[in-house]
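Let's take a friendly walk through this structure.

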Amino acid sequence: MKKSLLISMVLLLGFLCGSCSDSSSSESEGGGGETLSVKIEVSNIADNKATVTAALETGKFHGAKIVAGIRISTLDFDYTREIPLIQYVEQNGSTIDAMPYTTELTDLIYNQDYLCAVIVYDQTGRACASSYVTFTAEGDPDGISDENSAGNLEDNPQ
């Protein structure tokens with residue numbers, strides 16, 4: 001069982017680390033392939049909200065998937081390792097139709113750590129580049145604000 005798992009992980013790694021180039025410019029024509037790279041950023045972290053932006057740094061867009069606003073405490077794998085992260089995004093991600101891509105996260109829980117990750121595909125449909133970012137939500141603890149206060153204890157009749 002362990003041997004077959006190890007072999008499948010090695011094959012998957014070889015598959016993912018294979019050529020991630022744009023084959024429209026062939027090496028025989030003197031031009032090298034274009035490497036794909038992607039970045040993901042989180043901004044405007046406040047008021048239990050955040051803005052997530054994913055963009056290609058190099059290469060042509062052939063498809064992508066993203067997961068955004070996943071609480072790290074709910075994950076049962078090591079997201080810092082590329083292969084498990086790619087597998088998670090492929091299984092749970094939303095398809096992106098174009099890049100750059102921006103989405104607004106709402107209803108984040110104060111002081112909780114979140115993960116956002118993106119993968120991009122080459123023209124053969126292989127996931128060949130990924131990026132992730134973590135952040136801590138800021139805003140009102142548990143969504144409680146001063147406007148929703150029950151008032152002072154002295155103000156309540158007994």
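Predicted model: local features only at pLDDT ≥ 70, side-chain atom pairs only at ≥ 80, totals over all residues.

Helices (H or I, at least four residues) and strands (E, at least two) are DSSP runs, numbered from the N terminus. Residues are numbered from 1 along each chain as its sequence is written.

Start with the open sheet, where 3 strands lie in the order 1-2-5 with antiparallel pairing; two strands pair if DSSP finds at least two bridges between them. Strand 1 (37-46) and strand 5 (101-105) are at the edges with a single partner strand each, so one side of each has no neighbour in the sheet. Strand 1 is joined to strand 2 (residues 49-58) by 8 bridges, and K39 has A55 in strand 2 as its bridge partner.

K39 also meets E41 in a salt bridge (3.9 Å, N to O), meaning a side-chain nitrogen of Lys or Arg within 4 Å of a carboxyl oxygen of Asp or Glu. Another salt bridge links D122 and R126 (3.4 Å, N to O). D122 is buried at 2% relative accessibility, whereas E41 is partly exposed at 43%; buried means under 20% relative accessible area, exposed over 50%, partly exposed in between (1.4 Å probe, protein chains only).

Now find K65 in strand 3 (residues 64-71). What is the nearest side chain of opposite charge to K65? It is E90, 7.0 Å away, and K65 is buried without a salt bridge (Lys and Arg count as positive, Asp and Glu as negative; His and the chain ends are not counted). Still, the K65 side chain reaches the backbone oxygen of E90 at 2.9 Å.

Notes: Heavy atoms only, no water. Polar contact = N/O pair within 3.5 Å; in protein donor to acceptor, adjacent residues only side chain to side chain.
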